Amino acid sequence: EMAFRPLPKGLKRAKDFRVFSWNNADRHFASDAAANAAFAAYEAAGIMSFRKTANGSLSFGRQKELVKLLEKRPAKYVFSGRFGDLWRLGACGLGKEKAKELGVRMAVSSDKAYASCASGKMCPEFYTKDPAFNEYLKNRVHEVLSKSGVGDGDWVTFDMEPWHSSTWCHCDECHRAFAAFAGLDRVPTAAETQTDELRDKWANFRCMHNEKSVELLVRYIRAYNPTLKCVDYDYVMPYGDEEGMKARRRACGKDTLENEKWLDGHLCSYYHKIGIEAFRAIRNDTRHLKKFYFPMAALCGYGSYLRQGEVLNPRQFRQFALAAFVNGCGGYAFYAGNCYDGEILVEMMKAQDEVAQWEDLPWGKVDGKTVPTSASAQFAFVSTVKPDGMEVVALFNYDTEEPIKADVAGTVHELAPLDVKFVEVKRPAL
């Protein structure tokens, strides 16, 4: 017999602020009764997402049954499939014989110290340009989607770490293509691609490959079902900081802004950004990206890829949720979604209630001027007050370097604490 902690009373769920869980193993209960009890708690916290598959393989048969159970619940769920690093032979479903038949060209590392970086991966020039392989890739994507059971309106998330910009691939074909891309009069060596003169051009070359790989995958998915939403796991970029952007492109070989034209939305990694740093990054990214944007925090993983303090505690996570809301996000996400403290759910419920109370406020005037529905919050706001004077929620700007402002119909007003009554955050629709 399983005992469930009673849900907090009197808390509401926001109408339009969704929470995406990267994994969902914590909801794989053997009995329908236990599963429905768990679903109720997750829904109260705003978590109405469930992955149907990972690269076409169901975790176990029970997962299909749970999807059917969720489809009957009154809450509207986002279901998703996922593609991982398709430029790896295994992830792409390629055995040795099939790879040989297709003439697959493997990646080459820059030196022996980085040989593992290229191991088992295809050359990006081959991956993005070879006609026979691209036809195979399209058929593979369609096969995976068919097996996964994703349907109209479902998400397909991409979890594809890009070609590392400095260590691979340094094959002859890549070097010749780079020389043409950069307008060079000769083909450079691997070492020369990393000189001060060429390293940023080389990073741009790798970003081009990454964008092309995203374009191919999106085209194949939409050919299968044009209603599927393509959502990429990507990275915070320091837009507006030219040198910072160059360094970021060199480090990850990926530019979220360049890829956005192919996507429906972003699941952006905030594993290494918390507190005020996360607040500022969310604000900056949402001012530059146009598609829906869910920042994703980590709830587990300390000791592996996360440092001490980067796994958020319950109160930090609530702060992260509100930072996403006040900066115009339509929701937020978390990794991994397995085996985390139930106190997290309670704080998520509190954040949902704070957002819900804000949503319920009567729209009206700010400083005597009517606020149109297209108004947006520039830096968030201190608090909101009902007409009877009762303070109901504190959604606040905790960036100490910025004044409290609200951008109303293009005019900036300085607003004192507790004076903000009706300010709408403009959030892209899912």
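Hi everyone, let's start with the overall picture: 52% of the 430 residues in the protein chain are buried, where buried means under 20% relative accessible area, exposed means over 50%, and partly exposed lies in between, with a 1.4 Å probe and protein chains only. Please keep in mind that this is a predicted model, in which local features need pLDDT of at least 70 and side-chain atom pairs count only at pLDDT 80 or more, while totals for chains, interfaces and linings use all residues. Residues are numbered from 1 along each chain as its sequence is written, and side-chain values use heavy atoms, with hydrogens and water left out.

The protein chain has 13 helices and 14 strands; these are DSSP runs numbered from the N terminus, helices being H or I with at least four residues and strands E with at least two. Among contacts with a separation of 6 or more, 78% join residues 24 or more positions apart, contact meaning heavy atoms within 4.5 Å.

Now to the helix packing. Two packed helices are described by the angle between their axes and the distance between the axes. Here the axes are lines fitted to C-alpha atoms, for helices over the stretch in contact, and angles run from 0 to 180 degrees between N-to-C directions.

Take H6, residues 131-148, and H8, residues 199-224: they pack at about 50°, with axes 9 Å apart. That makes H6 oblique to H8, since under 35 degrees counts as roughly parallel, over 145 as roughly antiparallel, 65 to 115 as roughly perpendicular and the rest as oblique. Residues in this contact include Leu137, Val141 and Leu145 of H6, and Leu216, Tyr220 and Ile221 of H8. By class, the contact has nine nonpolar, three polar and one charged residues. For those classes, Ala, Val, Leu, Ile, Met, Phe, Trp, Tyr, Cys and Pro count as nonpolar, Asp, Glu, Lys and Arg as charged, and the others, Gly among them, as polar.

What about H7 and H8? They pack at about 105°, with axes 10 Å apart, and are therefore roughly perpendicular to each other. Among the residues making this contact are His175, Phe178 and Phe181 of H7, with Trp202, Phe205 and Met208 of H8. The class count is eight nonpolar, two polar and two charged. The buried residues of H7 pack against helix H5 (124-129) as well as H8. Just after H7 comes glycine 183, with a positive phi of about 70°.

Let's look at His175, which sits in H7, residues 172-182. Is histidine 175 buried or exposed? Histidine 175 is buried, with a relative accessible area of 7%. Beyond its neighbours within four places in sequence, its contacts include Val187, Pro188 and Trp202.

Leaving out neighbours within four places, its contacts include Asp232, Asp234, Glu260 and Leu289. Leucine 289 is 23 residues away along the chain, and the two C-alpha atoms are separated by 9.1 Å.

Last stop, H9, residues 242-252, where Gly244, Met245, Arg249 and Cys252 are buried. Down the helix axis, these buried residues fall within an arc of 135°, so they line one face; the arc is that of the directions from the axis to the C-beta atoms. They pack against H8, strand S5 (229-235) and helix H10 (256-259). Glycine 253 follows H9, with a positive phi near 60°. Thanks, everyone!
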